[in-house]
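User: I've got a new model open. Can you walk me through it?

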Amino acid sequence: MEEKTNTLWEAVQQGDQSAFEKIYLQAVPQLYREISRRISDRVVVEDMIQELFLTLWERRNIYQPKGDIYAYLYGMAINRVLNYYRSHKKQPQILAIWENLPEDLLGLEELSAAFKQAHTEELENLLDKAIQQLPQRMKEVYHLRFEEKKTVPQIAQFLHTSPNTVNNQLKEIRKRFIKTLKETSYMF
């Protein structure tokens, strides 16, 4: 059975190269598959993954993932893909990437942390802007789900509503965030 990546990450932060190698070996196939779905140039994909892990090792004492390291690595990878498209002036692909992120990853704190630590504070500001523009009830749902880490059933019970209503509100939050991205100069 594979070691838990958060235990391995703690070892990496202490400078354990063998733990780093285990994370690398566990994560590379998934990251390669995810990046390859968005960038067809194999050399670019391989370089991106190598650069991602080099940065991860160099900043291991700075990065503080709060959950599974893979979600954090996924965020780092998506950030690099977005930067690649932005630097190559391929805006439609950037929007497609955002629209096709798995719903369970779009709002993850790890994804947000990866963007923030990759120095894309403008994206964080856009997220804050989108959150501020939400109706009060959606702000509550967002806060409970992504800041307090409550599950959909817990949120539904707390707000005296159905889980289906909570799911619909989470989908609407995602749509509004994507709309904010489309309307900004961040992509262009």
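**Overall picture**

Analyst: Of the 188 residues in the protein chain, 46% count as buried. Buried means under 20% relative accessible area, exposed over 50%, and partly exposed in between, with a 1.4 Å probe and protein chains only. This is a predicted model: local features need pLDDT of at least 70, side-chain atom pairs count only at pLDDT 80 or more, and totals for chains, interfaces and linings use all residues. Residues are numbered from 1 along each chain as its sequence is written, and side-chain values use heavy atoms, with hydrogens and water left out.

User: How many helices and strands does the protein chain have?

Analyst: The protein chain has 11 helices and 0 strands. Helices (H or I, at least four residues) and strands (E, at least two) are DSSP runs, numbered from the N terminus.

User: And the surface? What supplies it?

Analyst: The protein chain exposes about 10600 Å². Carbon and sulfur atoms supply 49% of that. The areas come from the Shrake-Rupley method with a 1.4 Å probe; for residues, only the protein chains shown count as cover.

User: Switching to packing. At what angle do α2 and α3 pack?

Analyst: About 145°, with the axes of α2 (residues 17-36) and α3 10 Å apart. Axes are lines fitted to C-alpha atoms, for helices over the stretch in contact, and angles run from 0 to 180 degrees between N-to-C directions.

User: Which residues meet there?

Analyst: On α2, they include F20, I23, Y24 and L31. On α3, they include V45, E46, I49 and F53. Contact means heavy atoms within 4.5 Å. The contact divides into 15 nonpolar, 3 polar and 2 charged residues. Ala, Val, Leu, Ile, Met, Phe, Trp, Tyr, Cys and Pro count as nonpolar, Asp, Glu, Lys and Arg as charged, and the others, Gly among them, as polar.

User: You listed E46. Where is E46 found?

Analyst: In helix α3, residues 42-58. E46 is partly exposed, at 32% relative accessible area. From E46 to I35 is 9.2 Å, C-alpha to C-alpha. The two are 11 residues apart in sequence.

User: What about α3 and α4, at what angle do they cross?

Analyst: Roughly 130°, and the axes of α3 and α4 (residues 69-87) come within 10 Å. The two helices are therefore oblique to each other. Angles under 35 degrees count as roughly parallel, over 145 as roughly antiparallel, 65 to 115 as roughly perpendicular and the rest as oblique.

User: Which residues make that contact?

Analyst: Among them are M48, L52 and L56 of α3, and L73, M76 and Y84 of α4. The contact of α3 with α4 has 10 nonpolar, 1 polar and 2 charged residues.
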